Amino acid sequence: MAESCLIAQISDPHIKAGGRLSYRQVDTAGALRQAVAKLERLAPRPQLLLISGDLVDFGRPDEYAALREILAGSSLPTYLIPGNHDHRENLRAAFPALPHLFQHPRFVQWVVDDYPVRLIGLDSCVPGASHGQLCPARLQWLDATLHQQPTRPTLVMLHHHPFTSGIAHMDRQPLRDAGALAEIVAQHPQVERVLCGHLHRSLQARFANTLAMSCPGVSHQVSLRLGGAGTPSFHLEPPGYLLHHWTSAAGLVTHQGFIDDYPGPFPFYDDNGLID
Ligand SMILES: [Fe+2]
């Protein structure tokens with residue numbers, strides 16, 4: 001019988017506490033509540049939820065408490081990695097019941113073998129900095145972990161983008177040791193995707209003989225401005241999510257969906273054929 005696995009991904013919720021708005025504009029808590037509700041309504045249901053960093057806005061305990069309260073509304077097993085807005089110790093303190101957060105003694109990085117697709121989360125954070133770095137210790141852990149199961153389809157997730165996005169202010173804060181990551185990933189063809197957040201929009205790029213892709217923001221989107229000085233800004237474009245659908249017959253196919261509801265579905269056909 002064909003095996004399958006349906007994985008939802010959202011990114012960069014940037015939760016604030018006490019109903020405060022991010023950048024005085026964005027109701028990030030409300031946006032995440034809407035996203036959780038949307039994912040709960042999906043049919044077929046995803047088997048799990050990945051959140052690719054910037055879980056909260058300033059890494060504070062009260063923000064993580066707000067995040068925990070919102071995620072309690074989700075019935076999906078949820079796997080978290082930190083982003084540059086996060087704080088490792090405060091994250092762990094808020095989610096003592098999530099064992100994956102405690103797998104590695106120093107970094108919030110983990111491997112999950114409970115599904116047909118193997119999941120690896122990496123901690124690309126540099127405390128106090130906006131850019132990402134995996135460092136030799138984290139990269140060696142990744143290489144060793146990938147060597148353990150060389151034939152199982154695998155998703156590798158980290159917060160920072162390991163490719164050039166073309167959005168200038170984001171490319172000033174990328175994953176700095178992307179070349180070292182690429183050398184490792186290239187040696188492990190079971191890596192179906194390298195997933196990231198950070199960019200707050202959906203991008204795809206070839207990376208180390210596989211596909212790197214970023215997840216849309218679950219609340220606000222980084223402005224699509226290529227070239228120029230790259231003044232940091234965001235737009236309130238439709239927030240989205242990714243659905244990674246793996247089947248043993250077709251491999252991994254990734255869909256982008258939107259959190260908001262839109263008119264439809266409308267039929268293409270009626271009793272006379274294609275509607276004219
Ligand atoms: Fe972010």
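1. Pro216 is placed in the loop between β9 and β10 (221–222), where helices (H or I, at least four residues) and strands (E, at least two) are DSSP runs numbered from the N terminus. The model is a predicted one, so that local features need pLDDT of at least 70 and side-chain atom pairs count only at pLDDT 80 or more, while totals for chains, interfaces and linings use all residues. Residues are numbered from 1 along each chain as its sequence is written, and side-chain values use heavy atoms, with hydrogens and water left out.

2. Is Pro216 buried or exposed? Pro216 is buried, because its relative accessible area is 2%; buried means under 20%, exposed means over 50%, and partly exposed lies in between, with a 1.4 Å probe and protein chains only. Not counting residues up to four places away in sequence, Pro216 touches several residues, among them Ser11, His200, Tyr241 and Gln256, where contact means heavy atoms within 4.5 Å. The C-alpha atoms of Pro216 and Phe258 are separated by 9.2 Å, although these residues are 42 apart along the chain.

3. Which residues coordinate the iron ion? The donors come from Asp12 (OD), His14 (NE2), Asp54 (OD) and His200 (NE2), at 2.1 to 2.2 Å, and along the chain they follow the spacing D-x1-H-x39-D-x145-H. Donors are N, O and S atoms within 2.8 Å of the metal (3.2 Å for Na, K and Ca), and water is not among the atoms, so sites may look incomplete. Asp12 is buried, since its relative accessible area is 0%, and His14 is buried as well, with a value of 1%.

4. The arrangement around the iron ion is irregular because its 4 donor atoms subtend angles of 88 to 177°. Four donors count as tetrahedral if all angles lie between 85 and 135 degrees; four count as square planar and six as octahedral if opposite donors are over 155 degrees apart and all others between 65 and 115; anything else is irregular.

5. The backbone deserves a careful look at a few places. Most residues other than glycine have a negative phi, and most peptide bonds are trans. Asp12, in the loop between β1 and α1, has a positive phi, near 55°, without being a glycine. Asn209, in the loop between β8 (203–207) and β9 (210–214), also has a positive phi, of about 65°, but Asn209 is exposed, with a relative accessible area of 66%. The peptide bond from Ala43 to Pro44 is cis, with omega near 0°, and Pro44 lies in the loop between α1 and β2. Another cis peptide bond joins Gly264 and Pro265, with omega about 5°, and Pro265 sits in the loop between β13 (251–258) and β14 (269–270).

6. His159 belongs to the loop between β6 (154–157) and α5 (168–171) and is buried, with a relative accessible area of 0%. Its side chain makes a polar contact with the side chain of Asn84 at 3.0 Å, while a polar atom of the His159 side chain lies 2.8 Å from the backbone oxygen of Ser52. A polar contact is a pair of N or O atoms within 3.5 Å; within protein, one must be able to donate a hydrogen and the other to accept it, and residues adjacent in sequence count only if both atoms are side-chain atoms. Leaving aside neighbours within four places in sequence, the contacts of His159 include Asp12 and Asp54.

7. The largest nonpolar core has 30 residues, and those with the most contacts inside it are Leu32 and Leu67. At least two residues of this core come from each of β1 (4–10), α1 (28–41), β2 (48–52), α2 (61–71), α3 (88–94) and β12 (240–247). A second, separate core of 28 residues includes Phe163, Leu175, Val194 and Leu203. A nonpolar core is a set of buried Ala, Val, Leu, Ile, Met, Phe, Trp, Tyr and Cys residues joined through side-chain atoms within 4.5 Å.

8. Strand β5 (residues 118–121) is covered on both faces, with Arg118 and Ile120 buried on one side and Leu119 and Gly121 buried on the other. Strand β4 (residues 110–112) runs antiparallel to β5 and is joined to it by 3 bridges, whereas β6 runs parallel to β5, with 4 bridges; two strands pair if DSSP finds at least two bridges between them. Gly121 stands opposite Trp110, and its bridge partner in β6 is Met157.
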